[in-house]
2 protein chains.
Amino acid sequence: MIDTPALLIDAGRLRANVEAMAAAARDGGVALRPHAKTHKMVEVAALQLQAGAAGLTVAKLGEAEVFADGGCEDILIAYPLIGDAKLERLTALARRARVAVALDSLEVARAIAEAGADVRVRIEVDTGQRRAGVLPGDAAGLAREVAALGLRVEGVMTHEGQAYAASDLAAATHDAVAKLREAAATLEEPVISVGSTPTARFAAREPGVTEIRPGTYVFQDRTQVAHKAATESDLAAFVLATVVSRPAPDRAVIDAGTKVLSSDRLNAPGAPVDFGAVYGTGWPLVRASEEHGVVAIPPRTRLDIGTQLRIVPNHVCPVVNLFDEAVIVEGDDVIDRWRVAARGLSR
Amino acid sequence: MIDTPALLIDAGRLRANVEAMAAAARDGGVALRPHAKTHKMVEVAALQLQAGAAGLTVAKLGEAEVFADGGCEDILIAYPLIGDAKLERLTALARRARVAVALDSLEVARAIAEAGADVRVRIEVDTGQRRAGVLPGDAAGLAREVAALGLRVEGVMTHEGQAYAASDLAAATHDAVAKLREAAATLEEPVISVGSTPTARFAAREPGVTEIRPGTYVFQDRTQVAHKAATESDLAAFVLATVVSRPAPDRAVIDAGTKVLSSDRLNAPGAPVDFGAVYGTGWPLVRASEEHGVVAIPPRTRLDIGTQLRIVPNHVCPVVNLFDEAVIVEGDDVIDRWRVAARGLSR
């Protein structure tokens with residue numbers, strides 16, 4: 001009996017997901033640089049690299065250090081780095097791995113140049129998410145200024161977060177790629193790199209794209225299923241929980257609340273507000289507090305206190321970040337335990 | 001310069017908050033058993049116990065173990081414990097500390113009795129939250145059955161989560177306490193224990209209440225300010241963040257997203273959807289992804305890349321759980337660093 005709550009990873013499904021995305025990248029003739037923020041585990045990174053990934057994407061320097069320690073030699077830090085402490089670490093990291101960084105301002109580029117960090121630069125472009133990134137028409141100007149600092153600008157990148165609100169993923173991706181190509185028009189043989197799992201298969205087939213950076217595909221989650229980027233049988237990560245209270249005929253309380261599932265909602269247009277669902281039955285976690293998940297069940301369901309249930313997360317990335325360790329299973333057998341080595345590394 | 005994102009604790013405000021709640025409990029003639037899930041730090045627990053707390057409340061066995069290691073001798077685990085691994089640990093813990101557990105079912109009571117754990121029992125009562133707990137009219141029956149197993153039932157407890165949706169906290173608390181007193185009617189000299197920070201001061205003055213269990217009061221947060229249970233000048237915990245991108249005149253992107261702020265919304269009726277706010281200015285984090293917070297700022301605000309900002313969390317408890325360490329400050333001076341020793345202990 002696995003003590004709960006626990007993060008379960010289905011090894012067979014994980015391998016299948018890793019293979020399928022590697023094949024999609026190969027078929028599209030693009031490089032695959034998976035975003036490791038989803039899994040934060042060197043064991044999963046190793047599977048991705050063995051399957052042909054060109055390198056990894058990370059959000060944070062601390063993650064980059066963990067994966068460099070774990071043997072990855074080519075890392076994109078898709079985040080603007082600023083501050084003396086970070087620039088010192090970046091400079092040190094760039095001596096032992098091939099490192100690229102994304103940025104969208106001259107301030108960050110100048111700090112990197114002054115630190116003397118031996119890194120390549122990608123201009124982050126806002127193709128519609130309205131988060132960070134320069135607008136497509138401003139990319140060429142920034143690229144020129146960055147190059148004038150002595151830094152090598154190798155291309156452009158975007159995170160297609162806006163796709164989660166789109167009704168047509170293929171059209172949204174085509175539009176984002178057109179903006180990226182506009183942004184990269186003055187660069188020679190640019191890297192043109194597109195992020196996000198639901199659009200990865202479309203991006204891989206778009207002319208001009210040289211690289212895709214999906215993350216969530218390794219485990220998938222309810223949001224990806226809602227976007228038809230995955231099916232139930234692709235789900236590879238679950239929170240194993242135990243029924244701890246049966247206070248009403250239509251209510252079960254489980255020991256998985258927001259401290260293991262996060263408060264992330266389903267990220268899809270018109271999705272109901274809930275905190276995950278029971279695998280197999282689809283019973284939703286209609287409410288959650290830190291340590292309690294309230295599952296709405298059909299009245300008169302036999303569901304005893306002590307029963308274990310697998311919960312499918314709405315968004316798997318923050319869930320992994322809430323565990324120190326993952327329990328690796330084949331079917332119901334525990335075959336290994338992996339450390340979430342890059343958990344909590346926000347700096 | 002503190003590297004960001006970082007969890008900042010204002011030591012002076014923390015001490016003042018600890019003192020104020022201790023005084024409220026003394027004035028009401030009730031015991032104070034603070035919920036340690038908010039801070040998860042033995043240093044904060046020590047301040048609470050020094051100020052007169054009768055013991056601590058925790059949600060999880062792992063938290064209880066950390067605080068017992070840290071010197072706390074009287075702990076309420078306000079959570080139904082089930083499963084062999086947990087019952088073994090509970091039995092061991094009860095040999096080195098005075099332990100009470102909350103439960104709402106005979107199944108859990110039976111497991112504890114069979115394990116031979118030397119613990120006292122409190123019946124968890126649902127006074128309106130509709131999460132776990134027996135209804136007030138069912139408490140006496142369960143208490144009798146639990147006692148027949150040879151366990152000592154010392155009283156009743158409730159978590160007044162419903163208060164966060166109430167317009168009149170005093171009235172909501174009065175109602176909850178009436179239900180608790182009904183539930184405890186057959187017990188001799190029962191503990192009558194009420195949880196939640198916004199209602200703690202009201203509960204302390206309600207006849208019959210013997211104990212209050214507020215948690216959030218040590219640090220306070222935007223939700224407590226919204227409920228008028230705190231003011232801006234009581235806020236003692238912040239996420240220090242850095243501006244990393246200024247992509248538009250009315251938008252700043254900071255390095256604090258849901259990986260440090262959680263996705264918890266403001267828990268108050270009619271509250272806007274946001275992910276925190278900048279301390280001092282009130283600028284809201286209108287969007288957040290894992291590593292990015294998008295701050296809406298007045299157009300033409302001078303806010304350079306590299307500027308550090310203090311962010312007030314919507315709900316401080318999950319925020320603390322996302323950090324390994326807190327930076328303790330007096331004003332702007334760093335005076336200490338405390339480990340979040342019970343972080344992530346969900347089992």
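Predicted model: local features only at pLDDT ≥ 70, side-chain atom pairs only at ≥ 80, totals over all residues.

Reader: How far apart do the C-alpha centres of domain 1 and domain 2 of chain A lie?

Author: Residues are numbered from 1 along each chain as its sequence is written, while chains are lettered from A and ligands numbered from 1 in the order in which they are written. In chain A, domain 1 covers 14-217 and domain 2 covers 232-339, with bounds from an automatic or database domain assignment. The distance between their C-alpha centres is 32 Å.

Reader: How many residues of domain 1 of chain A are in contact with domain 2 of chain A?

Author: Contact here means that the C-beta atoms of two residues, placed from the backbone, lie within 7 Å. On the domain 2 side of chain A, 12 residues take part, and they meet a domain 1 side that numbers 12.

Reader: Why can chain A be called as compact as a globular protein of its length?

Author: Chain A has 11 helices and 17 strands, where helices (H or I, at least four residues) and strands (E, at least two) are DSSP runs numbered from the N terminus. The globule rule is 2.2 Å times the number of residues to the power 0.38, and the radius of gyration is taken over C-alpha atoms. For 347 residues the rule gives 20 Å, so chain A is as compact as a globular protein of that length, with a radius of gyration close to that value: 21 Å.

Reader: Which strands are the edge strands of the open sheet of eight strands in chain A?

Author: Two strands pair if DSSP finds at least two bridges between them. The order in this sheet is β2-β9-β8-β7-β6-β5-β4-β3 (chain A), with parallel pairing. Each edge strand pairs on one side only, and in chain A these are β2 (31-32) and β3 (56-58).

Reader: Which residue is the bridge partner of A:R122 in β7(A)?

Author: Strand β6 (residues 120-124) of chain A runs parallel to strand β7 (residues 152-159) of chain A, and five bridges join them. Within β7(A), A:R122 has as its bridge partner A:G155.

Reader: How many residues of strand β10 of chain A are buried?

Author: A residue is buried if 20 or more other C-beta atoms lie within 10 Å of its own, exposed if 12 or fewer, and partly exposed in between, with C-beta atoms placed from the backbone. Strand β10 (residues 237-248) of chain A pairs antiparallel with strand β1 (residues 6-10) of chain A over four bridges, and with strand β15 (residues 308-312) of chain A, also over four bridges. β10(A) is largely enclosed by the rest of the structure, because the buried share of its 12 residues is 10.

Reader: Which residue of β11(A) stands opposite A:V243?

Author: β10(A) and β11(A) form a hairpin with two residues between them. Three bridges join β10(A) to strand β11 (residues 251-254) of chain A in the antiparallel sense. Opposite A:V243 stands A:I254.

Reader: Which element gives the largest share of the side of chain B that touches chain A?

Author: Between the chains, 51 residues of chain B are in contact with 50 residues of chain A. Elements that give two or more residues to the chain B side include α4 (84-93) and α5 (106-115) of chain B. The largest share is five residues, and it comes from β10(B).
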